[in-house]
Amino acid sequence: MSGPECCSNPPVLNPNAGAGHVEKLAGLNSYLSGSPNSIAILLISDIYDYEAPNLRNIADKVAAAGYYVVVPDFFHGDPYNPENASRSTPVWLKDHGTDKGSEAAKSIIEALKSKGVMAIGAAGFCWGAKVVVELAKSRLIQAAVLLHPWFVSVDDIKGVDTPTAMLGAEIDKMSPPELVKQFEQVLTAKPGVDCFVKIFPKVSHGWTVRFNPKDAETVKAAAEEAHQDMVNWSAKHLK
């Protein structure tokens, strides 16, 4: 299930990145952006975690659209490190499975509700997309966005009962366009479950959150478009 696509172009982590701040939420360090209000969006990272500057910039962008954005550290300060040859992706995942992420995310949601948040959306990148799918099966959230998902199966999507947008890459061995189209077929067959699917041409797995200034303008433009799609989907379903 793992491969070079999921680990390519690792970010340089920066605990001071972003315009927001870090505080504890449900026992997890969380990057918070925007003013607390009744609508929140949970951003769930890929395997490189919540100190990635691009991810925090996305959080700030979503917050600027009027949302309270929460980016938890689901890995407890232990993101995947591609330079640690003794701890390959499968080994690291034994300590940081998406099942643990899903349970932690549920605690975050309960903490937000206790603060008066009435509507919650969640967007997940790569590893985080699987966590979002689990939340979307139980109506704990009102809108879901999956960006270049990893570990997500057709059977997973069969359990989803929440409006879901899926943003995939043309070049993606983890979730190839053919698989994303199967996800779409499953959701469109479900009465009352709104869905949106877009496959972005000429980009690879991870492009929405791991692009860098050296990438082609087309890649950065596609990332910006995906971020806007995420905001638009949230605006449609979070009231």
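Modeller: A residue is called buried when its relative accessible area is under 20%. In this predicted model, R87 counts as buried because its relative accessibility is 19%. D95, at 41%, counts as partly exposed. The side chains of R87 and D95 meet in a salt bridge, with 2.8 Å from N to O.

Colleague: How many salt bridges does the structure hold?

Modeller: Side chains of opposite charge can pair when their charged atoms come close. The structure holds 15 salt bridges. One of them joins R210 to D46, whose closest N and O atoms are 2.7 Å apart. This pair links distant parts of the chain, with R210 in helix 8 and D46 in the loop between strand 3 and helix 2, 164 residues apart.

Colleague: Are R210 and D46 buried or exposed?

Modeller: R210 is buried, with a relative accessible area of 5%, and D46 is buried with a value of 5%.

Colleague: Which residue forms a salt bridge with K61?

Modeller: The partner of K61 is E224, the closest N and O atoms being 2.9 Å apart. K61 belongs to helix 2 and E224 to helix 9, 163 residues apart. K61 is partly exposed at 31%, and E224 is partly exposed at 44%.

Colleague: In what order do the strands of the open sheet run?

Modeller: Strands of a sheet pair through backbone hydrogen bonds, either parallel or antiparallel. Here eight strands form an open sheet in the order 1-2-4-3-5-6-7-8, with mixed pairing. Strand 1 and strand 8 are the edge strands, each pairing on one side only.

Colleague: In which sense do strand 3 and strand 4 pair?

Modeller: They pair in the parallel sense over three bridges. L42 stands opposite V70 in strand 4.

Definitions and conventions
Residues are numbered from 1 along each chain as its sequence is written. This is a predicted model: local features need pLDDT of at least 70, side-chain atom pairs count only at pLDDT 80 or more; totals for chains, interfaces and linings use all residues. Side-chain values use heavy atoms; hydrogens and water are left out. Two strands pair if DSSP finds at least two bridges between them. Helices (H or I, at least four residues) and strands (E, at least two) are DSSP runs, numbered from the N terminus. A salt bridge is a side-chain nitrogen of Lys or Arg within 4 Å of a carboxyl oxygen of Asp or Glu. Buried means under 20% relative accessible area, exposed over 50%, partly exposed in between (1.4 Å probe, protein chains only).
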